[in-house]
Amino acid sequence: MTQIQLKINILDIQPPVFRRVVISSDTTLLELHDLIQIVFGWEDRHLFMFEIGPFRFVDPDQWEEDAYQYQSAPDAFLDEIIPKYVPVGADFQYIYDMGDGWQHQILVEEIYPDGQYKVPICLDGKRACPPEDVGGVGGYAHMLNILLDSSHEEHQSYKNWIGSRFDPERFNLKQINRGLKTK
């Protein structure tokens with residue numbers, strides 16, 4: 001087996017929200033989904049899809065009657081996809097929450113021999129993940145603007161909803177890696 005370094009970036013958010021991870025090549029796309037949920041702090045309450053070239057991968061158990069239209073994420077291993085369909089320097093997409101439509105670009109940065117890192121591991125990242133059900137990129141920008149304006153009529157209701165702990169600049173690498181160890 002080899003190890004794969006990925007940079008996962010949430011699209012259309014400025015400044016960027018990203019995570020850089022290293023995982024084993026024998027990871028399935030379902031396991032990659034689980035890892036993304038941990039490193040970003042998503043709550044895994046919504047459907048997801050990977051788009052790799054012409055292929056769409058989902059968890060058939062979640063998509064139920066529509067699953068037949070897609071490939072199975074639990075049966076798709078990264079060592080069968082990378083570098084055959086996604087070589088180093090190329091990317092693929094991960095979409096989380098079909099309502100909010102969080103699109104993530106996953107860039108294949110490096111392939112290492114096995115043993116380079118104790119995997120999975122998060123090497124780097126920037127900024128906090130947007131909260132669940134905020135309304136996608138536009139809703140997140142709207143929320144941030146309201147939180148910055150204490151005179152806005154919705155300021156207090158957003159603070160009550162999101163809680164006082166939310167800091168869009170927060171990124172805690174040690175906490176993320178602790179979460180990966182329990183995975």
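**Note on charged patches and salt bridges**

1. Lys118, Lys174, Arg178 and Lys181 together form a positive surface patch. Patches consist of residues with over 30% relative accessible area and no salt bridge, like charges being joined within 9 Å; Lys and Arg count as positive, Asp and Glu as negative. The model is predicted, and local features need pLDDT of at least 70, side-chain atom pairs 80 or more, whereas totals for chains, interfaces and linings use all residues. Residues are numbered from 1 along each chain, and side-chain values use heavy atoms, without hydrogens and water.

2. Arg178 belongs to helix H6, residues 173–181 (helices are DSSP runs of at least four residues, H or I, and strands runs of at least two, E). The buried residues of H6 are Ile176, Asn177 and Leu180 (buried is under 20% relative accessible area, exposed over 50%, partly exposed in between, with a 1.4 Å probe and protein chains only). Seen down the axis of H6, these residues fall within an arc of 95 degrees, so they line one face of the helix; the arc is that of the directions from the axis to the C-beta atoms. The face turned away from the buried side carries the exposed residues Lys174, Arg178 and Lys181.

3. A negative surface patch includes Asp26, Glu31 and Asp79. Asp79 lies in helix H3 and is partly exposed, at 33% relative accessible area.

4. Asp133 and Arg45 form a salt bridge, their closest N and O atoms being 2.2 Å apart (the rule requires a side-chain nitrogen of Lys or Arg within 4 Å of a carboxyl oxygen of Asp or Glu). This pair links distant parts of the chain, 88 residues apart.

Note on methods: Patch = residues over 30% accessible without salt bridge, like charges linked within 9 Å, V, L, I, M, F, W, Y side chains within 5 Å. Areas by Shrake-Rupley, 256 points an atom, 1.4 Å probe, with all protein chains shown as cover. Charge placed at Lys NZ, Arg CZ, Asp CG, Glu CD.
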